[in-house]
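Subject: A structure for you to explore

Hi there,

Here is the structure I promised to pass on to you. Please open it and have a look around before you read my notes.

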Amino acid sequence: MTAHKVFLVEDEIVAREGIRDTIAWQELGFTFCGEAPDGEVALPLIRETHPDVLITDIKMPFMDGLQLCKLVREQIPEIKIIILSGYDDFNYAQQAIKLGVTEYLLKPVSAQDLRAVLERVATQLDEEHTSQALLHRMIAQLENSRALRRNKFLLDLMLGQTSTAEALAEAQGLGVELSAPCYLVLFVELRLDRGEQMLSYQAARQAEQIILSLIQERSDIIALHKEPEEIVLLLKGNEITSLQQKAQALAETLRQAITDQTGCTPRIGQGLPKDRLQDVTHSFDEALAAARRVQPSATCAAVQPVDKDALLHLDKAAVGAYLNYGTPAEFDAFFGAHIAPLCQPVLSSGIFKYYFFIDILLTTAHFVNGLGGEVKDLALEVAELEPTLRQIKTPEEIYTRVWQILEEALAFRDQQAQGEAVKLVAQAQAYIAQHYADPELSLNAVAAHVSLSPSHFSTVFSHTGDETFKAYLTEIRIRKAKELLCTTGLKVFEIADQVGYNDPHYFSAVFKKVTGLSPTDFRKRTTAKAT
């Protein structure tokens, strides 16, 4: 994993050098890429170094930490921000939360506390980078690839999954001239002229190029050819009889050219002409059935019929529901209920296999994109789709590929949910930092502040912060008490009152339980060490 870059902004030179020199950056997975005494000096350096993490004080001359955070967040939205704040800066906490700070630390900051925060941030960065690496090219490839959108559109048209109005509108956007008085579909399946084995990938590609070279100048033919052993041709015409004759002549020309140049005999099925665009799907069914019809010839391999209706029963809503609420443990049940019944039609045709997986990919990509993250890739990349799908020949292999796609989406979903939890906990911690001196501060009050029920807040807080609300509040109060014992002459009962304890005896008991010493003994030992 590449080291994450961290930049430090702190106006107090002793504090800045202390953080810079005492943290084992490489051990934590970081590279220290720069430092500055204030936001004004820091900003151009941050633009130049583009760090993954910014550690900044709030109160600084010239440009304070909050101003810096706002500008950096606008220019590097993905950056993680760790705020360092003194006691008098608690009123800035809410502003910091609104700016999306990742962590909020109270000064004086110990090396142990900062290390713990950096470990959490490093884990978060690693998870995000892993998700983005795995999902890097998906949206760009699926949504922005004109060729892919064109083929998906033609598949939908052939399978009757789009209305006439939608088809015409989308065709115009894709630069496809679809309007015509009548239509007819040819389905070309490329097989060896002996035995039952399909063409090799290279031979199928050669035959595909022959077909495309013969029709490339024909504005009256639209080709769908994402699987080289199966090619669909949509012919347009002005009159039904002449369109049928044109289709027959083209089929014979293709058959002869492919046979002469490759030695392979293609199966070519011709559908009936249709005078409505919405009926193109019926011409496709007829062409597919004609191509798949078994001939009484020893050189023709038997081909399984395609159950198109079964294929179209892919329940995208069920896929979406699983992506929203499912767990890895529930995948077997989901697959058995919604995917397994489709395996036979998926395996019966390369075109249908392609259609099925594009639907799965698009549904998943839209889901992940809807989470608000930057989604660009999935486990099954579009660039590798054709050769990958050629290797899928069993229901077990469909299971594996579908799981690979959905697993990454579930991981991304859970990472996003964890990110929201971290923000809530950070907001709660900032509120605690402001109000820890209030003896009435309670879990219910903090839960209300972050708009969660007490039980839900308690679960989120303990799971995200790895300690209970009570333990965290006690830690904050005792840490402040230790600071006051070391740096002031306040009496123990006065310190108890300042850190949120009405009863000094109870405060002393809690202090001793946490530190192993009574407040008085702690002060004596600290004073003795200082002298």
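Below is what was found in it, from the whole chain down to single residues.

**The whole chain**

Please keep in mind that this is a predicted model. The protein chain has 531 residues, and 48% of them count as buried. Its secondary structure comes to 24 helices and nine strands. If you take the contacts between residues at least 6 apart in sequence, 70% join residues at least 24 apart. The chain exposes about 25,000 Å², with 51% of that supplied by carbon and sulfur atoms.

**Aromatic rings**

A pair of aromatic rings is described by the distance of the centres and the angle of the planes. The structure holds 18 aromatic pairs. One of them is formed by Phe187 and Phe284, which are edge-to-face, with 6.2 Å from centre to centre and 70° between the planes. Phe187 belongs to strand E6 (residues 182–191) and Phe284 to helix H11 (residues 280–292), so this pair ties together parts that are 97 residues apart in sequence.

Phe461 and Phe469 make another pair: their ring centres are 6.1 Å apart and their planes lie at 75°, so they are edge-to-face. Phe461 counts as buried with 1% relative accessibility, and Phe469 is buried with 7%.

At Tyr501, the ring has the charged end of Arg477 sitting over it, 5.4 Å from the ring centre.

Helix H16 (residues 350–370) has 21 residues and reaches 30 Å from its first C-alpha to its last, close to the 30 Å expected at 1.5 Å a residue. H16 is mostly covered, as 18 of its 21 residues are buried.

In a regular strand the side chains alternate between the two faces of the sheet. Strand E5 (residues 103–106) has both faces covered: Glu103 and Leu105 are buried on one side, and Tyr104 and Leu106 are buried on the other. E5 pairs with strand E4 (residues 80–85) in the parallel sense, over four bridges. Glu103 in E5 is the bridge partner of Ile82.

**Some loops to visit**

Asp11 lies in the loop between strand E1 (4–9) and helix H1 (13–22), and it is partly exposed at 30% relative accessibility. Leaving aside residues up to four places away in sequence, Asp11 touches Arg16, Pro37, Asp57, Lys59, Met60 and Pro61. Gly39 is 28 residues from Asp11 in sequence, while their C-alpha atoms are 9.2 Å apart in space.

Most residues other than glycine have a negative phi, and most peptide bonds are trans. With that in mind, here are some places to check. Lys107 and Pro108 are joined by a cis peptide bond, with omega about -5°; Pro108 is in the loop between E5 and helix H5 (111–134). His50 is not a glycine, yet its phi is positive, about 50°. You will find His50 in the loop between helix H2 (39–49) and strand E3 (53–57), partly exposed at 37% relative accessible area. Phe62 also has a positive phi, near 70°. Phe62 sits in the loop between E3 and helix H3 (65–75) and is exposed, with a relative accessible area of 69%.

Enjoy exploring!

Technical notes. Residues numbered from 1 in each chain as written. Predicted model: local features only at pLDDT ≥ 70, side-chain atom pairs only at ≥ 80, totals over all residues. Heavy atoms only, no water. Helix = DSSP H or I, 4+ residues; strand = E, 2+ residues; numbered from the N terminus. Buried < 20%, exposed > 50% of the residue type's maximum accessible area, 1.4 Å probe, protein only. Contact = heavy atoms within 4.5 Å. Areas by Shrake-Rupley, 256 points an atom, 1.4 Å probe, with all protein chains shown as cover. Phe/Tyr/Trp six-rings, centres within 6.5 Å; stacked < 30°, edge-to-face > 60°. Lys NZ or Arg CZ within 6 Å of the ring centre and 35° of its normal. Expected span 1.5 Å × (residues − 1). Pairing = 2+ DSSP bridges.
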